[in-house]
Amino acid sequence: MAKPKVLVTRRWPDAVEARLCENFDAVLNRGDKPLTETEIREALQSYDAILPTVTDKVSSKALDVTNPQTRILANYGVGYNHIDMGKAADHGMMVTNTPDVLSECTADIAMTLMLMVARRAGEGERELRAGQWDGWRPTHLVGTKVSGKVLGIVGFGRIGQEMARRAHFGFGMKIVVFNRSSVASEVLAQFNAVQVDTMEDLMPLCDFVSLHCPGGVSNRNLINARLLDLMKPDAFLINTARGEVIDELALTSALMFDTIGGAALDVFEGEPRINPNLLQCDNLVMLPHLGSATREAREAMGFRVLDNLTDFFEGRDPRDRVN
């Protein structure tokens with residue numbers, strides 16, 4: 001029996017690509033450039049499965065095909081707001097993702113960003129590399145203590161809970177949670193956390209606010225000027241979720257006028273394009289979407305895709321099905 005024909009839209013870790021080529025008739029994107037909507041549309045007519053990433057815009061336009069050959073979109077990553085789920089469902093395409101395996105590493109990056117912005121690490125490195133450091137002095141790049149402070153977590157799923165674990169047990173932070181649904185009391189109790197009803201309740205309480213909620217239309221510009229105005233003037237905002245969750249114009253204004261202490265971002269709206277105004281903000285730390293960027297996590301994500309594909313083509317329901 002012929003192996004299912006699958007398209008891998010970006011380069012993946014070598015070990016995962018090797019296994020894919022063993023188990024499937026896999027075509028690799030050796031140029032490692034995001035596919036255009038036209039290329040995705042053409043691929044839908046030729047492959048049994050497409051394995052997209054966050055950089056592949058599997059939009060309504062890309063899915064505007066008749067009788068596609070593709071039966072499953074096995075997404076490499078936990079977020080899938082880059083896929084038009086309604087249009088995929090219209091074609092009868094299954095969509096899967098890769099939860100769990102990147103939660104710890106993404107929480108590690110969120111902690112990294114929080115520590116960097118609190119202790120002004122980005123400013124310090126830029127100063128050193130520019131040859132501008134003139135020695136230790138008591139008032140130089142004075143930052144903010146993290147231990148014992150209040151951390152607000154927006155979205156208390158797997159990654160949010162891993163963030164709480166690190167902050168509470170590692171730094172003695174007090175955890176306040178906003179989540180669209182009620183969090184089980186035993187889960188909150190693990191971190192001595194308190195859940196509040198609204199974002200308006202959360203923002204004024206926190207020294208740090210870390211975003212771990214889904215992207216997509218429902219959360220676009222969730223963090224807007226009104227909510228930023230509710231933050232303490234020395235509080236910090238951290239985002240490892242999706243770029244569109246923050247109104248970047250409002251954030252730029254808050255940073256430039258020092259109405260909040262600072263921010264730290266791993267994701268951006270329209271990435272890899274970065275709003276040039278953000279680049280002017282010294283009280284902002286930026287990383288190039290490194291949340292899951294460890295060898296362990298990226299390999300585990302790929303093997304999770306393989307598990308989902310194997311289940312699908314062998315007639316089982318994949319455990320990570322999202323539609």
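The largest nonpolar core has 33 residues, and Leu-202, Ile-223, Leu-237 and Leu-251 touch the most other members. A nonpolar core is here a set of buried Ala, Val, Leu, Ile, Met, Phe, Trp, Tyr and Cys residues joined through side-chain atoms within 4.5 Å; buried means under 20% relative accessible area, exposed over 50%, and partly exposed in between, with a 1.4 Å probe and protein chains only. The model is predicted: local features need pLDDT of at least 70, side-chain atom pairs count only at pLDDT 80 or more, and totals for chains, interfaces and linings use all residues. Residues are numbered from 1 along each chain as its sequence is written, and side-chain values use heavy atoms, with hydrogens and water left out.

At least two residues of this core come from each of β6 (150-154), β7 (174-178), α8 (199-202), β9 (208-211), α9 (225-230), α10 (248-256) and β11 (262-265). Helices (H or I, at least four residues) and strands (E, at least two) are DSSP runs, numbered from the N terminus. The largest contribution, 4 residues, is made by α10. Leaving aside neighbours within four places in sequence, Leu-251 is in contact (heavy atoms within 4.5 Å) with Leu-228, Leu-237, Ile-246, Ile-260, Ala-263, Leu-265 and Leu-278. Another core, of 29 residues, lies apart from this one and includes Leu-113, Phe-156, Ala-164 and Phe-236. In soluble globular proteins, nonpolar side chains tend to be buried together.

**The sheet of 7 strands**

This open sheet has parallel pairing and the order β8-β7-β6-β9-β10-β11-β12. Two strands pair if DSSP finds at least two bridges between them. At the edges are β8 (194-195) and β12 (284-286), each of which pairs on one side only. Helix α10 packs on the sheet, touching β10 (236-239), β11 and β12, and its direction makes about 140° with that of β11. Such angles run from 0 to 180 degrees between N-to-C directions, and the axes are lines fitted to C-alpha atoms, for helices over the stretch in contact.

Within the sheet, β7 is mostly covered, with 4 of its 5 residues buried. Val-150 stands opposite Lys-174 in β7. From β6 the chain crosses through helix α6 (residues 158-171) to β7 in a right-handed β-α-β crossover. The term right-handed means that, with the strands pointing away from the viewer, the path from the first strand over the helix to the second runs clockwise. Val-176 stands opposite Val-194 in β8, and the crossover from β7 through helix α7 (residues 185-190) to β8 is right-handed.

**The sheet of 5 strands**

The order in this open sheet is β2-β1-β3-β4-β5, with parallel pairing. Strands β2 and β5 (94-96) stand at the edges with a single partner strand each, so one side of each has no neighbour in the sheet. The twist averages 15° from one strand to the next.

Strand β2 (residues 25-28) has Ala-26 and Leu-28 on a covered face, and Asp-25 and Val-27 on an uncovered one. In a regular strand the side chains alternate between the two faces of the sheet. Ala-26 is the bridge partner of Val-6, and Leu-28 is that of Val-8. Helix α1 lies across β1, β2 and β3 (49-51), at about 140° to β2, while helix α11 (residues 295-313) lies across β3, β4 (72-74) and β5, at about 160° to β4.

**Parallel strand pairs**

| Strand pair | Bridges |
|---|---|
| β1 (residues 5-8) and β2 | 4 bridges |
| β6 and β7 | 5 bridges |
| β7 and β8 | 2 bridges |
| β11 and β12 | 3 bridges |
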